[in-house]
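Student: Please take me through the aromatic rings closely. After that, show me how the packing around them continues.

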Amino acid sequence: TTGVLDGTISHRNFSNWILGLNISTDRLLVLNTEFDDEALYYGTAFINGNASLYGPTSELVIDVMGATERGTVFKIPIRDSESIGDNSFIHFLSPEEKSARLEGQEIEFQDVKGLELNFDLDVTNDALVELDIDGSILRGRGAGTLLIEINTLGKF
């Protein structure tokens with residue numbers, strides 16, 4: 001698959017890298033992963049459209065606006081022990097944090113940096129979506145809009 005990449009990459013003394021990249025394509029492979037017990041999603045996906053990769057590499061944001069292409073199979077495993085929802089209010093203490101708390105020290109939490117993915121996709125009949133709910137497979141094709149937001153903090 002092919003695309004056109006343009007933009008800037010900057011740094012300070014070969015550290016603190018910052019990206020400002022744009023990609024345009026008629027058909028680009030954007031997902032090619034296999035099943036894993038920990039996977040929130042997997043499959044193969046092709047899109048046409050535009051993508052932007054920007055920000056410091058420690059807080060990279062990828063925005064994609066496009067449409068699915070033929071050959072796209074997106075799979076989402078849902079296990080019985082999981083539930084869909086926001087658990088951002090839960091924080092597990094590290095051994096160091098637990099020790100500091102027991103000693104009466106105040107704990108300061110730092111913002112976690114990482115990758116953020118935002119997909120605004122027009123899903124076409126070329127794409128197949130599969131939900132695997134404890135071994136029962138639901139497959140579907142159709143047309144519509146799909147907004148997917150994923151980050152390294154577990155948001156999906």
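Student: What pLDDT does the chain average, and what percentage of the residues score at least 70?

Tutor: The chain averages a pLDDT of 84, and 87% of the residues score at least 70. pLDDT is the predictor's confidence in each residue, from 0 to 100. Residues 86-90 fall below 50, and beyond near neighbours in sequence this stretch makes zero contacts in the model. Contact here means heavy atoms within 4.5 Å. This is a predicted model, so local features need pLDDT of at least 70 and side-chain atom pairs pLDDT 80 or more, while totals for chains, interfaces and linings use all residues. Residues are numbered from 1 along each chain as its sequence is written, and side-chain values use heavy atoms, with hydrogens and water left out.

Now the rings. Rings of Phe, Tyr and Trp (its six-membered ring) pair if their centres lie within 6.5 Å; planes under 30 degrees apart are stacked, over 60 edge-to-face, and the rest tilted. The count is three aromatic pairs. One of them joins F14 and W17: the centres are 6.3 Å apart and the planes stand at 50°, so the pair is tilted. F14 is exposed, at 67% relative accessible area. W17 is partly exposed, at 32%. The cut-offs are under 20% for buried, over 50% for exposed and partly exposed in between (1.4 Å probe, protein chains only).

Another pair is F35 with Y42. Their centres lie 5.4 Å apart and their planes meet at 70°, so this pair is edge-to-face. F35 is partly exposed at 47%, whereas Y42 is buried at 14%.

Go back to F14 for its backbone. F14 sits in the loop between β1 (2-12) and β2 (15-33). Helices (H or I, at least four residues) and strands (E, at least two) are DSSP runs, numbered from the N terminus. Most residues other than glycine have a negative phi. Phi of F14, however, is positive, near 60°. N16 also has a positive phi, about 55°, and is not a glycine. N16 lies in strand β2 and is exposed at 54%.

F46 brings in a charge. The charged end of R27 sits over the ring of F46, 3.9 Å from its centre. The rule asks for NZ of Lys or CZ of Arg within 6 Å of the ring centre and within 35 degrees of the ring normal.

F46 also touches T68, as do I47, D122, V123, T124 and A127, leaving out residues up to four places away in sequence. T68 lies in strand β4 and is buried at 7%. A polar atom of the T68 side chain lies 2.9 Å from the backbone nitrogen of T124.

Last, the core. A nonpolar core is a set of buried Ala, Val, Leu, Ile, Met, Phe, Trp, Tyr and Cys residues joined through side-chain atoms within 4.5 Å. The largest one has 17 residues; I62, V64, F74, L117, F119, L121 and I148 touch the most other members. β2, β3 (42-56), β4 (61-68), β5 (73-78), β6 (116-123) and β9 (144-151) each give two or more residues. β3 has the largest share, four residues. Beyond four places in sequence, L117 contacts Y41, I62, I148, E149 and I150.

Technical notes:
Polar contact = N/O pair within 3.5 Å; in protein donor to acceptor, adjacent residues only side chain to side chain.
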